[in-house]
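Got your viewer open and ready? Load the model below, and let's take a walk through it, one selection at a time.

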Amino acid sequence: MSADPTGGALTEQQHEELRSLLGAWALGACPRREAAALERHLRLCPDCAEEGNRLRDAAGWLSADEPLDPSGALRQQVLDWCLTRRPAELPVPAWGAPYAAETAKLDALLRDLGPEEWQEIVELPWHGGTDRLRPAEVLSHLAAVDGYLAAALGLPDPVPAGAGPAAPAAVPAPAAGAVMPAVPRTPARAGRPAPRVPRQGASPFSGIVDRTERLAAAHAGCSPDSVRALWRRQTRALVRAAALAPGGDLPVDYGFAALPLRDAFVDRAFECYVHGEDVARAVDYPYAPPAPPHLRQMIDLAARMLPEAVAALRRAGRPGPAGPHGHGGVPAGGRGPARLLRLVIDGPAAGEWLIPLDGPAPAGHRAGYGRTTEPVAAMVLDGLEFCQLAAAHRDPDRLPVGEHGDRAAIREVLRAAPLLSRP
């Protein structure tokens with residue numbers, strides 16, 4: 001038995017009566033006299049005190065002004081803890097984990113949308129302008145592009161068959177960026193942080209545009225929740241298929257470029273994160289960034305694609321500074337050292353990458369290409385800001401960047417990065 005606050009011993013019934021007040025007390029709804037008696041009891045009863053503290057903490061969550069959504073890292077922490085207790089039947093490879101996390105996060109946001117929020121117009125900048133679409137149309141686009149992975153893995157293609165423009169020949173591989181909806185594209189609004197960089201000539205993305213339009217048309221008569229359910233079913237099937245293909249070497253053909261499966265999954269995670277944040281901004285909803293290990297994979301993919309983006313920028317008519325061997329910096333035969341830029345990423349996904357400024361390593365010079373020379377420049381920027389730049393959601397001329405060395409080379413790389421985006 002517990003001690004009576006007046007000095008005597010409590011009966012079991014008296015103890016249970018006081019214990020029954022804990023919920024109301026935690027919510028601040030307990031009458032003053034009963035609250036005073038309970039608080040005297042809590043000083044003498046460790047069990048009730050522990051339960052009362054637990055309930056008051058929970059009540060704090062219920063009454064908090066901040067959103068109840070857990071931090072981005074909490075989900076991964078819970079999963080890691082669970083997996084130490086019981087290993088997954090089909091472990092998801094490390095390169096599939098960002099996609100699994102980002103699709104789950106976007107689904108959590110979409111579950112909270114009301115009828116009016118499903119009608120909001122979402123703005124999605126990319127290097128060719130700004131697309132406008134509704135959340136369900138975002139899902140149609142994501143599912144249409146995810147269909148390339150589904151086809152590579154032997155899963156059903158969500159896009160209905162139909163005549164459309166043939167996919168163009170492969171061009172330098174752009175990474176993830178903004179979405180192409182089934183609604184008209186409009187130019188970027190004045191004052192928006194859409195980069196002022198040239199478009200890559202004739203669009204290499206006609207295959208994506210056609211697939212998106214066909215899937216959006218097929219979903220036109222469906223409710224937003226049913227579109228979400230179809231998209232979510234596909235994402236789970238892809239994650240399961242990734243667990244059965246841990247090597248990640250299977251090629252995924254996007255029509256304009258091909259990526260190994262491991263990079264394609266990171267690309268899809270990147271786009272899901274970017275457009276999840278676009279939707280969250282449109283409906284004024286908090287949205288956490290990717291977990292640091294996942295963010296680092298996204299940064300690594302974009303960094304490896306930067307040399308192609310720099311080359312595309314030059315082909316579009318904005319040549320970069322001439323290197324020690326003339327324009328492009330690579331001597332005949334590719335025998336000389338290539339110029340490098342050191343990319344330093346700050347923040348939770350901190351790291352360093354050496355970016356060749358004169359194109360990818362030529363055949364026969366892949367190992368150690370360009371690493372015999374000191375970088376001509378270095379730039380430092382936050383990891384999330386780098387991802388936003390690569391998605392054409394930041395103006396390269398206004399991005400806060402730490403610079404050292406050849407400033408022209410730095411500006412060229414900054415202006416090339418948004419070319420990694422696509423509709």
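Start by selecting Cys272, which is buried, with a relative accessible area of 2%. Buried here means under 20% relative accessible area, exposed means over 50%, and partly exposed is in between (1.4 Å probe, protein chains only). Now click on Cys222: at 33% relative accessibility, this cysteine counts as partly exposed. How many disulfides are there in the whole structure? A search finds 0, where a disulfide would be a pair of cysteine sulfur atoms within 2.5 Å.

Before going further, a word on what you're looking at. This is a predicted model, so local features need pLDDT of at least 70 and side-chain atom pairs count only at pLDDT 80 or more, while totals for chains, interfaces and linings use all residues. Residues are numbered from 1 along each chain as its sequence is written, and side-chain values use heavy atoms, with hydrogens and water left out.

Zoom out and switch to cartoon view. The protein has 13 helices and 8 strands; these are DSSP runs numbered from the N terminus, with helices being H or I of at least four residues and strands E of at least two. Of its 423 residues, 48% are buried.

Next, select residues 16-49. The UniProt annotation, from an unreviewed entry, calls this stretch "domain: Putative zinc-finger"; UniProt positions are given in the numbering used here, feature names are shortened, and annotations may be inferred rather than shown by experiment. The span is 71% helix and 0% strand, and its end C-alpha atoms lie 14 Å apart.

Now for Trp118. Look for it in the loop between helix 6 (97-111) and strand 1 (122-126). Is Trp118 buried or exposed? It is buried, with a relative accessible area of 5%. Show its surroundings: leaving aside neighbours within four places in sequence, Trp118 is in contact (heavy atoms within 4.5 Å) with residues including Leu110, Arg134, Pro135, Leu139 and Arg228. Pro224 is also in contact with Trp118; the two are 106 residues apart in sequence, yet 7.0 Å apart in space, C-alpha to C-alpha.

Move on to helix 7 (residues 135-152) and pick out Ser140. Ser140 is buried, at 2% relative accessible area. What does its side chain make a polar contact with? The partner is the side chain of His219, at 3.2 Å. A polar contact is a pair of N or O atoms within 3.5 Å; within protein, one must be able to donate a hydrogen and the other to accept it, and residues adjacent in sequence count only if both atoms are side-chain atoms.

Beyond its neighbours within four places in sequence, Asp263 is in contact with Leu301 and Arg304.

Last stop: the largest nonpolar core, which has 65 residues. A nonpolar core is a set of buried Ala, Val, Leu, Ile, Met, Phe, Trp, Tyr and Cys residues joined through side-chain atoms within 4.5 Å. Highlight Tyr254, Phe265, Leu341, Leu343 and Met379, the members that touch the most others. Helix 11 (residues 292-315) gives the most to this core, with 12 residues.
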